[in-house]
Amino acid sequence: MGSSVLTPAKPDLPGHSGPPPGRGNDGRGGGEGPGGQGSRGPSNSPLPLGAYRIAIWIAIVSISMLFLALTAVMVVRAVESNNWIHTAVPPLLYLNTLVLIISSFTFELSKRALKTDASVQFVRWLYITTGLGVTFIVGQLVAWRELAAQGIYITTSPSSSFLYVLTAAHGLHLLGGILALLHLVLRRRKIVINTQKRIAVDITAIYWHFMDGLWIYLLILLAVKL
């Protein structure tokens, strides 16, 4: 009976008992981490700048529809009502209009200063714009007190009701703009340094100018129909 020669198996070298590092069980490179994403984590990239502009225009359209609905009801009520009593617009509201118009100009001056990297002027005009916005709100409160002193309240007549409701609705929306301005003031350093952050200034300016134009529309309508 012939003897057979047994070939001893080669022992596994330390560290090489499995597939090579970086390769899957199929032998291909580029092993993947959990979820099949490999070493790359989830994307945290910010929204495109255009998305912010779309969002503000959607908000503007929504606000416009609200005020158009309110003013349409007022016009119909004034035309069809037999007991419509005219309520004079307080003269202070005309002065308030001038304050709001000036605030739009100061906001534009702030934007121009930012474009020319004049950071001091940018912040200065931003503070002035914010101050004018607060002045407008204070003026609205004073105008309401003047109406109350004359015995004109929200329940006095249909015209006084619309005067209070429309000016209050505009004031609340303008407060949102003032909060946005305060946000710009608090983040002024980052806005000056990082050009990507300046989209917040453009978005706030669009909203602020819209509120300016909306107020002029409301004031003309209130003066004519009330």
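This is a predicted model: local features need pLDDT of at least 70, side-chain atom pairs count only at pLDDT 80 or more; totals for chains, interfaces and linings use all residues.

Modeller: A place to start is Asp-212, which lies in helix 6, residues 199–225.

Biologist: Why is Asp-212 called buried?

Modeller: Buried means under 20% relative accessible area. Asp-212 has a relative accessible area of 8%, so Asp-212 is buried.

Biologist: Which residues does Asp-212 touch, not counting those up to four places away in sequence?

Modeller: Asp-212 touches Leu-100, Ile-101 and Ser-104. As for Leu-174, 38 residues from Asp-212 along the chain, the two C-alpha atoms are separated by 9.0 Å.

Biologist: What makes helix 2 and helix 6 roughly antiparallel?

Modeller: Their axes cross at roughly 160° and come within 10 Å. Angles over 145 degrees count as roughly antiparallel, and helix 2 and helix 6 are therefore roughly antiparallel to each other. The crossing of helix 2 and helix 6 is left-handed. Residues making this contact include Leu-100, Ile-101 and Ser-104 of helix 2, and Trp-208, Asp-212 and Trp-215 of helix 6.

Biologist: How do the residues of the contact of helix 2 with helix 6 divide by class?

Modeller: There are 14 nonpolar, 5 polar and 4 charged residues in the contact of helix 2 with helix 6.

Biologist: How do you know that the length of helix 2 agrees with its number of residues?

Modeller: Helix 2 covers residues 92–115, which is 24 residues. At 1.5 Å a residue, helix 2 should span 34 Å. The end C-alpha atoms of helix 2 are 35 Å apart, which agrees.

Biologist: What follows helix 2?

Modeller: Asp-117 follows helix 2, and is found in the loop between helix 2 and helix 3. Phi of Asp-117 is near 60°, a positive value in a residue other than glycine.

Biologist: Is Asp-117 buried or exposed, and why?

Modeller: Exposed means over 50% relative accessible area. Asp-117 has a relative accessible area of 59%, so Asp-117 is exposed.

Biologist: What makes helix 3 roughly antiparallel to helix 4?

Modeller: Helix 3 (residues 119–149) and helix 4 (residues 158–186) pack at an angle of about 160°, with axes 10 Å apart. The cut-off is again over 145 degrees, so helix 3 is roughly antiparallel to helix 4. The crossing of helix 3 and helix 4 is left-handed. By class, the contact of helix 3 with helix 4 has 18 nonpolar and 7 polar residues, and no charged residues.

Conventions: Residues are numbered from 1 along each chain as its sequence is written. Side-chain values use heavy atoms; hydrogens and water are left out. Helices (H or I, at least four residues) and strands (E, at least two) are DSSP runs, numbered from the N terminus. Buried means under 20% relative accessible area, exposed over 50%, partly exposed in between (1.4 Å probe, protein chains only). Contact means heavy atoms within 4.5 Å. Axes are lines fitted to C-alpha atoms, for helices over the stretch in contact, and angles run from 0 to 180 degrees between N-to-C directions. Angles under 35 degrees count as roughly parallel, over 145 as roughly antiparallel, 65 to 115 as roughly perpendicular and the rest as oblique. A crossing is left-handed if the near helix is turned anticlockwise from the far one by less than a right angle, and right-handed if clockwise. Ala, Val, Leu, Ile, Met, Phe, Trp, Tyr, Cys and Pro count as nonpolar, Asp, Glu, Lys and Arg as charged, and the others, Gly among them, as polar. The expected span of a helix is 1.5 Å times one less than its number of residues.
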